[in-house]
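Open your viewer and get ready to select residues one at a time. Each stop tells you what to pick and what is there.

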Amino acid sequence: MRDLRKENWVYGGAFIAGLAVIAIVQSILWSRAPDDCSLETFGADAAAAWNNREHLAHSACYQKIFRDLSDLDVSQQAARDMEAILASDHPRRGYKIGGHDPSMWDVIGLPGPMFGVFYGEDAFFENGATVPIDGQVMNYEPDLLFRIGDERINQANNVAEAMRYVDRVYAFIELPLLLGDPDELQDGFIYPFLMQATNLGARHGVIGEYLDTADDPDIFENLRNMTVISANTDGTQRSIYQVAERDSVHPVIVTLQVAESLAERGEALQVGDLISVGAMMEAFIDVAVPIEGKRHVHYYIGDRVISVSAGFGE
């Protein structure tokens, strides 16, 4: 059993704080949704919305179901139902964790982190690409990717050990898909348990420059003290995120959380697998919109800087 005690963690994110606010507001203002959906129909409806680049049918009804249940196991099974359909037509490309900071779990009623799987030939774009929005609603999130370099990650017991089995760190912009119809959802937000059911919005991302962990003997501490700066198309600063000042758990904790999530499914991490860490920005909601030029994110890790850029079109 992995030792996931808090003293082993030193990273977190603004993402989970935003979820906490949303959960509190929704629990107060929730109104009854129409009874025109069921758990049995969710996987097909969610996969259809993903494949057709549409909003989730019966979003309000599904939000009510998952809110009323507030059961992470049920939501994760619903995500697997969605995944089963996606996997029949699309390759698996990577993983992501949401809400990996345990200090916030009780605030929003989660017993643990959320887990998502990237599918699709077009899941990841190259650095500097212009990503077609194509009718989808996607967040813009400065992020980070870890690449697994050793299958011993599946037996790692703490973050310091886990770091030894990550061979590459990529600058990454994630573009999580907001499947819920904002006109139907309470306050326009997606409830955390419905977010988990919709595979945590795993859809697109842009992979940028990288550093090999073997080239930095202080990689563990340098990631702990990393600064992330997001910039507008003209280069002016948009957001600055300092991990040591803002977060409570180390980013590599996500590798342990993904390994545990896969083990529960009878699977394991493989060499070359990619894992998205989570949003590293001040603002919680930052929807991608068509722009002229590129937006940029720079990661200051020790004496190295790695960057990623992305544009967005219709």
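The tour below walks through a predicted model, stop by stop.

**Stop 1: the core**

Begin with the largest nonpolar core, which has 82 residues. Select Phe42, Leu144, Phe146, Leu223, Met226, Leu269 and Tyr299; these have the most contacts inside it. Now colour helix α10, residues 253–264. This helix gives the core its largest share, six residues. A second core of nine residues is separate, and includes Phe118, Ala123, Leu145 and Tyr170.

Go back to Tyr299. What does Tyr299 contact, leaving aside neighbours within four places in sequence? Among its contacts are Pro142, Asp143 and Leu144. Others include Ala171, Phe172, Met226 and Arg304.

**Stop 2: a cluster of rings**

The whole structure holds seven aromatic pairs. Select Phe42 and Tyr62. Their ring centres are 5.0 Å apart and their planes meet at 80°, so this pair is edge-to-face. Phe42 belongs to helix α2 (residues 39–52) and Tyr62 to helix α3 (residues 59–69), so the pair ties together parts 20 residues apart in sequence.

Phe66, at 1% relative accessibility, counts as buried. Show the three together: ring pairs link Phe42, Tyr62 and Phe66 into a cluster.

**Stop 3: salt bridges**

Switch to the charged side chains. The count comes to 15 salt bridges. Select Asp167 and Arg147, whose side chains meet in one of them at 3.1 Å, N to O. Asp167 is in strand β6 (residues 166–175) and Arg147 in strand β5, so the pair ties together parts 20 residues apart in sequence. Asp167 counts as partly exposed at 26% relative accessibility. Arg147 counts as partly exposed at 22%.

Next, pick Asp286. Which residue is its partner, with closest N and O atoms 3.1 Å apart? The partner is Arg238. Asp286 sits in the loop between β10 (274–276) and β11 (295–301), while Arg238 is in strand β9 (residues 237–242), so the bridge joins parts 48 residues apart in sequence. Asp286 counts as buried at 13% relative accessibility. Arg238 counts as partly exposed at 37%.

Then show Arg53, Asp122, Asp134 and Arg203, which salt bridges with shared partners join into one network.

**Stop 4: charges over rings**

The charged end of Arg203 sits over the Trp50 ring, 3.8 Å from its centre. Arg295 lies over the face of Tyr140, 3.6 Å from the ring centre.

**Stop 5: a charge without a bridge**

Finish at Glu141, in strand β5 (residues 141–148). Glu141 is buried yet has no salt bridge. How far away is the nearest side chain of opposite charge? Lys96 is that side chain, and the distance is 5.3 Å. A salt bridge needs the atoms within 4 Å. Look at what Glu141 does touch, setting aside residues up to four places away in sequence: Phe172, Ile173, Glu174, Pro176, Ala279 and Met281.

Note on methods:
Residues are numbered from 1 along each chain as its sequence is written. This is a predicted model: local features need pLDDT of at least 70, side-chain atom pairs count only at pLDDT 80 or more; totals for chains, interfaces and linings use all residues. Side-chain values use heavy atoms; hydrogens and water are left out. Helices (H or I, at least four residues) and strands (E, at least two) are DSSP runs, numbered from the N terminus. Buried means under 20% relative accessible area, exposed over 50%, partly exposed in between (1.4 Å probe, protein chains only). Lys and Arg count as positive and Asp and Glu as negative; His and the chain ends are not counted. Contact means heavy atoms within 4.5 Å. A nonpolar core is a set of buried Ala, Val, Leu, Ile, Met, Phe, Trp, Tyr and Cys residues joined through side-chain atoms within 4.5 Å. Rings of Phe, Tyr and Trp (its six-membered ring) pair if their centres lie within 6.5 Å; planes under 30 degrees apart count as stacked, over 60 as edge-to-face and the rest as tilted. A charge sits over a ring if NZ of Lys or CZ of Arg is within 6 Å of the ring centre and within 35 degrees of the ring normal.
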